Amino acid sequence: MSAPAWGVLLTALLVGWVVLDGAVQGVGASLLRPGRTAEERRLLLAAVGPLLLPGEVWLIAAAGVLLGAFPHAESELAAAGYPAVVALVASWAVRDAGFWLRSRRTSVAWRRRWDRAIVVSSTLLSASFGALLGVAWGNAVAAVVLAVVAVVLAGVHGRAVAARRLGMTARLPLWLTSGAVAAPVVATMAVAWPHLMDGAVSQEALRGLGIMILAALPALLLAQGAAWWMVARRLGPKDVVFF
Amino acid sequence: MTAEDLARLQFALLAAIHFLFVLLTLGLGPVVAILGTRWAVTGKAVFERATRFWGQIYLVNYALGIAAGIVLELQFGLHFPGLLDVAGEVFGAPLAVETMVAFFLESTLLGLWVFGWHLFPRWLHATLFWLVVLTGYASAFTVMVANGFLRNPVGFELVDGVARITDPAALILNPAALVSSFHVLGACLIAGGFVLVGVSASRLRRHASAGGKVSADVDEDVWRRSMRAGIWTGLIGALIATGFGYAQFSYLDTDASMATYPGLVGSGWAIMEMFANLAALAGWVLALLLIRNALFRLRPGLRHGLYRVMAVLVPAPFVVAILGWLSRELGRQPWVVTGVLRTSDVVSGQPASAVLVSLVALVGIMATLAVLDWWVLTRLAARGTERLVLGAPPGEVLRDDGAGADVLLRFGVGGPAGVSGAAPEVAR
């Protein structure tokens, strides 16, 4: 695999993350919207729950591509966007802990506190990722604008996914919200492309890594496909309510 | 403290937190896989309960393991960019394989295992967890390949100050990766064994069955089987950890390892050795006591005293493993890549104040989440097999949660809460 192929893979991984994990973030951020009952909150978490594990791995894999194929881009991005990276990982950790721990106790106060933590961390997670995209554009205005855009789009997208799983009518179709959350990622990659290609590791290393990835691709796609099939279904008696 | 000290301290604390969760994930994984397989094959209730109980413990532990791992992965770019600039190609390659293949698959498959509980046939469901264990071990191994390169750099050459891979096989078969991986695997199994034994012991203490006779109660059977599994897991782990622990001296330079932090590294080694020997000895004795269930038929006073000791000792292997990891990493200093690159040459240009802020924020958050997670784990352990959420029908979970009749109907459950007989999973 050549450097451009790795760039395309990086884009695909980032798009996969905003589409899959974006829905989890959007629903998480909306959890305490006025008028929601405890029962509705639990159903919302159950609706996007199966997306959490197969979704967040896409950004971890994207970070792996940066590390393995474009290490210079990774260190430059981390240096320029230091606060955004710290906010991203911190909010990510809190969001995950919120999902896993929230429903492990029945106490109302315990759940209420975790619900608040999920709302704040989900919003911050979308925002810090958007801001990091803006850092790649190389200016502060882009960072602020993309942070806001990311939060809004994740909210709309989350609602569309939840509506599908819970059998409600959606305001916007899922393909449209998926395209919308992906758009800022694709635009950013286009802008940062020449700079990204400059920082790639040697041809041999890219080829060696590429063989490993291509060999594993069928298994990766099969597992992900099964996960999507699970989530594409209406939430029902055969599902698991864990979160 | 300088920015370098703070960056190293931050990495060390975050890595230690991550490692504590990894130990249990890798140590408990094979046991959950075996329990799940036995359930699929025999269909017995005792295996179903055991799979669901230990699976739930595995999951709640795994959740924080991922979170801590994510925080850790981005530390290189944040604080040690020089490592990526010089050795990114060599050091980054195994980590890229880890995130893109091993961990990617592990997490996706675990999601299928949890949320496909009622969707897939039993045999496929059991197979999924074996694949989770396999990919989890592969993931740990790739991390050890990266770490092994730092400790014992092989299979590369420096071209214009940048490391290039010349021999991938040497990189993978590096004893600092291969031998040390087995050593860590042993440590993980010991930790898994201690948790299995400790939790089972504290549950068995609550069962009143008098000595001399072993009761046929299903719940009690879950804990006796878990105790057996734990004793074997811990014993096998102790033997592996000891054997491959000594084998590491084939590539370790003892004098160099002791050069920078002689006290810490030296006592770390001594404590590990003592602990592993004691664990193996206790493992043999307990394994002998499993013959004809002798352990469960000891005089009540003696038995309950032994159970109490087992429960108290649960944190021990985790403390020792942290010491072992500290000995390894401190033994490499002042190098980040032994003989090639100094730690002081790779730290980022961030001011000390910025590194301090991120240290307080990230370590503060991760430590808080870790403590909450361990607290929840102890509560889940104390609840035993009562009201297990993992693998429960969704209607039952929602009913326990107080959901309304219309929702319950959609999930195939009729009647208001508590009427149609309590959940089937009621212990004793």
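This is a short tour of the structure, stop by stop, with something to select at each one.

**Before you start**

This is a predicted model, in which local features need pLDDT of at least 70, side-chain atom pairs count only at pLDDT 80 or more, and totals for chains, interfaces and linings use all residues. Residues are numbered from 1 along each chain as its sequence is written, chains are lettered from A and ligands numbered from 1 in the order in which they are written, and side-chain values use heavy atoms, with hydrogens and water left out.

**Stop 1**

Along the principal axes, the C-alpha atoms of chain A fill a box of roughly 55 × 40 × 35 Å.

Chain A exposes about 9100 Å², with carbon and sulfur atoms supplying 72% of it; accessible areas come from the Shrake-Rupley method with a 1.4 Å probe, and for residues only the protein chains shown count as cover. Of the 243 residues of chain A, 59% count as buried. Buried means under 20% relative accessible area, exposed over 50%, and partly exposed in between (1.4 Å probe, protein chains only).

**Stop 1: A:Pro54**

Next, select A:Pro54, which lies in helix 2 (residues 38–69) of chain A. Is A:Pro54 buried or exposed? With 3% relative accessibility, A:Pro54 counts as buried. Setting aside residues up to four places away in sequence, A:Pro54 touches A:Leu20, A:Gln224, A:Ala227 and B:Thr108; contact means heavy atoms within 4.5 Å.

**Stop 2: A:Ser128**

Move on to helix 5 (residues 108–137) of chain A and pick A:Ser128. A:Ser128 has 4% relative accessibility and counts as buried. Which residues is A:Ser128 in contact with, leaving aside neighbours within four places in sequence? They are A:Ala84, A:Ala87, A:Leu88 and A:Ser91.

**Stop 3: a hairpin in chain B**

Strand 1 (residues 156–159) and strand 2 (residues 162–165) of chain B pair in the antiparallel sense over four bridges; two strands pair if DSSP finds at least two bridges between them. Here B:Val159 has B:Val162 as its bridge partner, and B:Leu158 stands opposite B:Ala163. This hairpin has two residues between the strands, and B:Asp160 takes a positive phi near 50°.

**Stop 4: B:Ser202**

Finish in helix 7 (residues 175–206) of chain B, where B:Ser202 has its place. At 21% relative accessibility, B:Ser202 counts as partly exposed.
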